[in-house]
Amino acid sequence: MTYELRCRECGKSWGNQPRSICDDCFSPLEVSYDYEAARPTFTRERIARGPASMWRYRDLLPLPVNYQPTVPAGFTPLLEAPRLAQRLGAKHLYVKNDAVCQPSLSFKDRVVAVALAQARNFGFDTVSCSSTGNLANSVAAQAARNGFKAVIFIPADLEPAKILGTQVFGAKLVRISGSYDQVNRLCSQIADERHWGFVNVNLRPYYAEGSKTVGFEIAEQLGWRLPDNVVVPMAGGSLIVKIKKAFDELVELGLVEAKPVKFFGAQATGCSPISTAVKAGNSDIDPQKPSTIARSLAIGNPADGHYAIKVITGSGGWSEDVSDPELVECIQLLAETEGVFTETAGGVTVGTARKLCSQGRILPDETTVLCITGNGLKTTDALGGKYELEEPIAPKLAEFEKYMESTLDASEKDVPEPVEA
Ligand SMILES: *Cc1c(COP(=O)(O)O)cnc(C)c1O
Ligand SMILES: [Zn+2]
């Protein structure tokens, strides 16, 4: 065994089992590795020869022996973003584009892939989760791909595309009239009763490890370098903590040179328990009642909030939050400058980065990576009313010329005809 669960606080070892909490001190469990055993195989050269997916980093993922991957999740593009950079007053800006992650178009595909590998290993035939939307899509899709039954719990009023994008895979969808935090509590109770693999409850330590692959990829795609800054959207706070763990592991195993990286958290103002705590200098969360269109980030009582605060403040970073109108504007800004259509969470990330640049917390010459975690086609309602639809025109050239004439603004009309010499 080269990995096992250990308590994050008291350090007690729990072996490998579907469990997320230490019974002795009620702290979360974390996957820990024998790094010396990984050292010979986890090298730049071996990784480069691996598949173009997150499985190229399998030696530092908690996978069953001889596990055969079934979905090509991860290894999404890291895009240089010069036009967005110019608008934000930065120079070396990158977008990590998990809006195109396979198979369900969000970074959740990474975490679900690892959780389901263990679900099979532990003998579950039904997998489940509480979800703000993207996790529902990913569990449903990957359950179908792997022949599991899926039972998915969501707050009743999620975005229609996220509801349909769960049902289409044949999953049983249980809508709860309540907040995500209430849905999640219910799932913890059900997990005690039924022998089901809840990816973000009893399989949570394994699930969370999948997020490390975002950090591994950022470093590899920058040419085995760490960035100066990362801006990460936060719901439960797990992703930001795991990107930090990934960077630390790469340093530990000698794949990148050690360097200080600042971690910046992004939230919507209508659900900002982590950024509120960071701004107030608190090391723990005050739970909030969410009210924002950024539904995928609307967790009022984040499970890893305490650890996210630690990563952010320990790195010299910061956390900000943006209003709903700002995040919508930033969805448009990213789309118009870089051709990437992100969901509400991505609008939060871009809006937060813009604030951090104007506050001087992110400097123009630094290398900064924005984590874009989900796809805009899932939250089109956020753009409702932003674009008007003109009357159609007849399929005639003359009609088109007339149309173009009518859309010219006054300054263009005043341009004189070119005079022949
Ligand atoms: C779940 C989610 C996040 C945040 O993940 P946590 O690890 O819970 O903080 C960010 N973006 C999107 C689109 C998500 O679905
Ligand atoms: Zn403990």
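## Zinc site

The 4 donor atoms around the zinc ion (ligand 2) subtend angles of 95 to 122°, so the arrangement is tetrahedral (four donors with all angles between 85 and 135 degrees). The donors are C7 (SG), C10 (SG), C22 (SG) and C25 (SG), at 2.3 to 2.4 Å. Donors are N, O and S atoms within 2.8 Å of the metal (3.2 Å for Na, K and Ca). Water is not among the atoms, so sites may look incomplete.

Along the chain, the donors of the zinc ion (ligand 2) are spaced C-x2-C-x11-C-x2-C. C7 and C22 link distant parts of the chain, 15 residues apart. C7 lies in strand β1 (residues 3–7), and C22 in the loop between β2 (13–15) and β3 (29–33).

## Basis of the model

This is a predicted model: local features need pLDDT of at least 70, side-chain atom pairs count only at pLDDT 80 or more, and totals for chains, interfaces and linings use all residues. Residues are numbered from 1 along each chain as its sequence is written, chains are lettered from A and ligands numbered from 1 in the order in which they are written, and side-chain values use heavy atoms, with hydrogens and water left out.

## Helices α9 and α10

The axes of α9 (residues 212–221) and α10 (residues 238–252) come within 7 Å and cross at roughly 50°. That angle makes α9 oblique to α10. Angles under 35 degrees count as roughly parallel, over 145 as roughly antiparallel, 65 to 115 as roughly perpendicular and the rest as oblique. Axes are lines fitted to C-alpha atoms, with angles running from 0 to 180 degrees between N-to-C directions. Helices are DSSP runs (H or I, at least four residues), and so are strands (E, at least two).

In α9, K212, V214, G215, F216, I218 and A219 meet α10 residues L239, K242, I243, K245, A246, F247, E249 and L250. Contact means heavy atoms within 4.5 Å. The residues of this contact comprise 9 nonpolar, 1 polar and 4 charged. Ala, Val, Leu, Ile, Met, Phe, Trp, Tyr, Cys and Pro count as nonpolar, Asp, Glu, Lys and Arg as charged, and the others, Gly among them, as polar.

## Helices α11 and α12

Here α11 (residues 273–280) and α12 (residues 305–314) have axes that come within 10 Å and cross at roughly 45°. α11 is therefore oblique to α12. I274, A277 and V278 of α11 touch G305, A308, I309, I312 and T313 of α12. This contact has 6 nonpolar residues, 2 polar and no charged.

Notes: Four donors count as tetrahedral if all angles lie between 85 and 135 degrees; four count as square planar and six as octahedral if opposite donors are over 155 degrees apart and all others between 65 and 115; anything else is irregular.
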